[in-house]
Amino acid sequence: MTTIPADLAALLATIRRPGDFFAAGTSELLAPLLEVEGVGPVALPLLPAQAEQLAAVAEPAPYGRGAETLIDPAVRRCRQVGPDRVRISGRHWVRTLETIVARAAEGLGVDGPVSAEFYKLLLYEEGGFFLGHRDTEKTPGMFATLVAALPSSFVGGELVVRHKGREVRLDLRGDDPAEVAFAAFYADCVHEVLPVTKGCRLILVYNLVRHGRGRAPVPPDYAAEQARVTALLQRWKRGKRHRDDDTPEKLVYLLEHAYTPAEFGFAMLKGADAAAAGVLTEAAREAQCDLHLALLTVEESGAAEYAGNYGSRRGRWDSEEDDFEAGEVFDRSMTLSDWRRPDGGTTTLGGIPVEAEEFVPPDACDELEPDEEHFREATGNEGASFERTYRRAALVLWPSDRLFAVLSQAGLRVTLPYLDDLVRRWAEDGGDRQSLLWREAHDLAGHMLAQWPRRVGYPRSDETPGDAARMLDLLTRLADTELIERFLAEITAAGVYGKGDNTAIVAAIGSLPPPRAAALVERIVAGTAATSFGACADLLARTAAALDQQHVSGLAGAAIRLAEALPGGRDRVAPDEFWQRGPEVSPTAVVDLLTGLGAIDRALAERAVDHILARPKTYDLDAILVPAVRTMIGSGRMQGASSVQRLRAACVAHLRLRAAEPLAPPADWRRAATLPCRCKNCTELARFLADPERQTWILKAAEADRSHVEDSIRRAQADLDLTTDRRGRPYSLVCTKNQESYERRARQRTQDLKDLALLAG
Ligand SMILES: O=C(O)CCC(=O)C(=O)O
Ligand SMILES: [Fe+2]
């Protein structure tokens, strides 16, 4: 049993001190009043005309170097207005600022009273920026800087903050006039404002100050924990190289907080989530694992139970849903989606399923509260049921070189198009088998093969190419002989096979040495002929045609396997598997069989014909053999084979016998029929049929009686046309004699003579 998920959970639990070196978010902004000396009230979002006015009253912002403050537009291009000339007020502003400060303090992992001292107003016009620097401690107790972006439209101007090798890029743009974006970071973090490329960035800067005694807060330092997590991830990654590895393909760590779609990103994580993400980001990079933030959706359904509260403790006004509680879960699906990378990017990964053993800790899902729960009352034949959904943010990890294994978990709907794309890119790139792209495609295909759905439950009877054919085509294009062999041996021969795959199989084995090709065909026939006889016969015939004359005899083993599986032979499938069989034999299967065997081993073809002629029930002359011989003669290739000649002779004898039977239209109105019933109406009907004079019989009777008689007529195939006369009650069944039997035989005679002309000619 692997302990990786539990061990990682234990390590992450030691990262108790919440907080990170930075915090960021957005907050609601209710109509603040911003007044600047020399300009007056400033409308928000900022208007271009007012931006110009502001710039006119502001001064160039200096930067500090040692004890000096310097002005240099190559280092900092930005204008500032000092706190004595700026006033921000309005009924709600105080509360907005309190909320921002509280969230910033929480994100930085600081508790105890923290206050924000307004420092200055900054204006970055187009081209404005500030190179990397550290802020100096401007007042005693200051431990961090807080910046808040007032509503104003601009492009660029991201704030980049670095700490101990980590870096975040915070975008404080907010076009929503009712929102303020903020960011806070510890004072000793190097930070930088990237150039504003359009519009105007308007910033309030505050010093965050902690009151009270004790050492000033510092950014959390998880170096030791991080080293341990790194070591654990490396152990996991190494273990994956061993064959008996039983660790999960990926690890899924559920976050504590809920996040809105707008907040969904590494930079916006809160509290302990941010701390865990910080440690994992570093550890994953060092251990060469991929880390993503993703949305986990769990959907469950099952039986609901009546909770029996109705009318008792709860009032009648309770919604009906309150009368039920969820019982046993019958169905559960768990999927990850909405992937985000630590650098803020997204990926094209689609929905990927989660296995239960991938959770960190293993019981992470046990006590979740559903986000939605619905009950359905019992109906006629179904009990009450429930459906519920959970959505949680999660951090997801896998070793970088195992991406394909993880993709494969999502199944062929995701991997086949992905592989197709790789193969196309490889071919466009020159089609070099030594190239990295070929390796990638080979690796992915290997994972797909390992997880290929083995048990289809029943043989595929349709003749359209399936996923297996698509896979084989891709492997053939890659000339990946190793995987072609493995696919045919492990997947196709194991029964994941249908006639529609044959074109792809023949093309695929074309790239193998003929003896290998023959051995694989034998393996496929041995594994599947009992359930897919027609497909195997087709495969053998096609392979025999594709191989050089000198190699055809190599197919002798496959031919014997096919002959052994002839329906009606010894190796029949067990009776309880009988339902799995498609139509037993078809004329095409007989043609393919004799084509294949005839090319490979004539004696075997003769024995197959013995078998067929000895079982007229399985190999019906009219339904199977005559059409088969017709095809073989028509193709003009096989007349010479004595096996075919024997089948032909049997058909000719059968047709001659029937053609010799007298055939004449009935002389009077007597019609032969053996009725399955002797009730009063049916006896009457029998008398009518035997009567040489009467042509019509009318049965006026209730519906049940009429349909019983109709049924007898149908079962006896009596030569009668039936109509219902709806005048008067009860209705009447009108039976009129016809010549259908004679006409049927006449049609048969025409066909027999045509067949005779062809077969005996
Ligand atoms: O404009 C910002 O976001 C940061 C400003 C800054 O770093 C500073 O004033 O020291
Ligand atoms: Fe700064």
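Me: Which strands form the open sheet, and in what order?
Reply: Bear in mind that this is a predicted model. Five strands make up the open sheet, ordered β7-β11-β17-β14-β15, with antiparallel pairing.

Me: What makes β7 and β15 edge strands?
Reply: Each of them has a single partner strand, so one side of β7 (76–77) and one side of β15 (166–170) is left without a neighbour in the sheet.

Me: How do you know that β11 and β17 count as a pair?
Reply: Pairing takes at least two bridges between the strands. β11 (residues 129–133) and β17 have two bridges, in the antiparallel sense, so they meet that cut-off. Within this pair, H133 stands opposite H191 of β17.

Me: And what joins β21 to β22?
Reply: Twelve bridges do, between β21 (residues 289–306) and β22 (residues 324–340), and the two run antiparallel. Look for E300, which sits opposite R332 in β22. β22 also pairs with β23 (residues 352–353), again antiparallel, over two bridges; there L336 is opposite I352.

Me: Moving to the helices, what span does α9 have, and what would be expected?
Reply: α9 (residues 467–478) has twelve residues and reaches 17 Å from its first C-alpha to its last, close to the 16 Å expected at 1.5 Å a residue.

Me: Which residues of α9 are called buried, and why?
Reply: They are A468, M471, L472, L474, L475 and L478. The label applies because a buried residue has 20 or more other C-beta atoms within 10 Å of its own.

Me: What puts those residues on the same side of α9?
Reply: They cover an arc of only 160° around the axis, so they share one side of α9. The general point is that an α-helix has 3.6 residues a turn, so residues three or four places apart point the same way.

Me: What do the buried residues of α9 pack against?
Reply: Their partners are α7 (412–428), α8 (436–450), α10 (481–492) and α11 (502–509).

Me: Last one: which residues are around ligand 1?
Reply: L122, F130, D135, V147, L159, H191, V193, I203 and V205. Two elements give two or more residues to that shell: β17 (190–193) and β19 (201–210).

Me: How does that shell split by class?
Reply: Seven residues are nonpolar, one is polar and one is charged. Asp counts as charged, so D135 is the charged one.

Notes. Residues are numbered from 1 along each chain as its sequence is written. Chains are lettered from A and ligands numbered from 1 in the order in which they are written. This is a predicted model: local features need pLDDT of at least 70, side-chain atom pairs count only at pLDDT 80 or more; totals for chains, interfaces and linings use all residues. Helices (H or I, at least four residues) and strands (E, at least two) are DSSP runs, numbered from the N terminus. The expected span of a helix is 1.5 Å times one less than its number of residues. A residue is buried if 20 or more other C-beta atoms lie within 10 Å of its own, exposed if 12 or fewer, and partly exposed in between; C-beta atoms are placed from the backbone. The arc is that of the directions from the helix axis to the C-beta atoms. Two residues are in contact if their C-beta atoms, placed from the backbone, lie within 7 Å. A residue is near a molecule or strand if its C-beta atom, placed from the backbone, lies within 6 Å of it.
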